[in-house]
Amino acid sequence: MEKLAIFGGRKTKTKPFGSGKRIGEDEIKEILEALDSDILFYVFGTKVKQMEKLMISLYGIKYCSGCSSGTAAVHIALGSLQLAPGTEVITSSVTDMGSLTGILYQLLIPRFADIDPETYNMDPGSVESLINGKTGAILVVHHAGLPAELDSLMKIAAKHNLPLIEDCAQAHYTKYKGKLCGTFGDVSAFSLNHFKLITTGSGGIVMTGRKDLEENIRLFIDKCYFRDGRERNPYFLAPNYQMSELQGAVAIGQLKKIESIVERRNKLGMRLVKGLAEIKGIIPQKIPEYSTHSFFLLVVRIDPDVIRVPVKEFCRALEAEGIPSKPNMITGGMPVYLYDIFQNRSAFPKSMIPFVSEDLGSNLEYQRGLCPNAENAFEHTFNLNITEFYTEEDIDDMIRAITKVSGYYERGKR
Ligand SMILES: Cc1ncc(COP(=O)(O)O)c(C=O)c1O
């Protein structure tokens, strides 16, 4: 058996991964134009508006607004629905804090759905089991770049007359049954942070097909100020989540590339999935045939009945082979409800609001065991990252390294 690199054996990957620049001539041209215009404020400038138009034509949706981050985008989406404090919002137990910040700032109460053990997306059965008289919205997360089970989730939302928000922070230009994620729900949110498929450093986008939400979205981005000549007279609480012209300019260049970026990632990702599926004890995330995975991440399970090594050690061995991986999906190694903020119910100082509040009629705890599939997934899965700059050879090296490491730790081999 070949000695692992971590124990002094030969490293699998010696040639560097394919790399490239994400910011190119388009972005530079756009940003120079923005600077040259001497206007960096979205209301007077053209770049944010142009980016919004581009998004509308790419997605075939009616309304789009740029904003300052993905966290802001989710907050704006929730704010646009004008839900009463104390209302419950059902979301995923495996997501970024950015999905949850807006819920808490609106004094809404997150309820965490368990995930499907094979796709790692929200389990529609778990979502439906959480619905009660206080439920006000379903916030769907397309985790890792794989569309959530939208048909079932849309059916549940319609049956209970609940608005559906899509958090597409990890799923730009990603298709479910041939239709783009972000065009299913009442309102959708995207992130343009550094780690996402396209980036403006920090930035976000909100989309809706609903005229009534469009006005709220615009107001929620901008202190509840009318920017259309109407007298200033804010009538609800709204932050300043404006996108600047500089972000807008870069976003134009990035959006022009999104289709080709996703196509390339999908091609490489599917090659990786196919190769990994051949390895004993290695189970790549299930990708339904009707879904297009954009491979923000690939989640991979190690079958503990076959491979006898803790996932952290497996990742360390892979790292030594020259393949980066992370044993924690995106959340830092635990379902989000196990974060201190939920365990201590400490969103706000000296208060347990909104989790415990007489005024809101709430008294909620998030105990370990709440989402068994999510908790189990963290014990046995790791993430692989790919970029559009990787080559087929890079993917094959990843497969070879995982074959080597898993073979080494296979039960009964040594
Ligand atoms: C699912 C999800 N929602 C929201 C966010 C928040 O986006 P941002 O970092 O741009 O605020 C992220 C970012 O990681 C995310 O992955």
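What share of contacts in the protein chain between residues at least 6 apart in sequence join residues at least 24 apart? I looked it up: 72% do, with a contact meaning C-beta atoms, placed from the backbone, within 7 Å.

Ground rules for my notes. This is a predicted model, where local features need pLDDT of at least 70, side-chain atom pairs count only at pLDDT 80 or more, and totals for chains, interfaces and linings use all residues. Residues are numbered from 1 along each chain as its sequence is written.

Overall shape. I checked the radius of gyration (over C-alpha atoms; the globule rule is 2.2 Å times the number of residues to the power 0.38). The protein chain has 22 Å, which agrees with the value near 22 Å for a compact globule of 414 residues. Its C-alpha atoms fill a box of roughly 75 × 55 × 40 Å along the principal axes.

Core. Of its 117 residues, Ala73, Ile76, Val206 and Leu272 touch the most other members. Helix 8 (residues 245-277) gives the most to this core, with 10 residues; helices here are DSSP runs of H or I, at least four residues, numbered from the N terminus. I then followed Val206: leaving out residues up to four places away in sequence, Val206 touches Ser65, Cys67, Ala73, Ile76, Ala77, Val187, Ala189 and Ile217.

Conventions
A nonpolar core is a set of buried Ala, Val, Leu, Ile, Met, Phe, Trp, Tyr and Cys residues joined through C-beta atoms within 7 Å. A residue is buried if 20 or more other C-beta atoms lie within 10 Å of its own, exposed if 12 or fewer, and partly exposed in between; C-beta atoms are placed from the backbone. Helices (H or I, at least four residues) and strands (E, at least two) are DSSP runs, numbered from the N terminus. Two residues are in contact if their C-beta atoms, placed from the backbone, lie within 7 Å.
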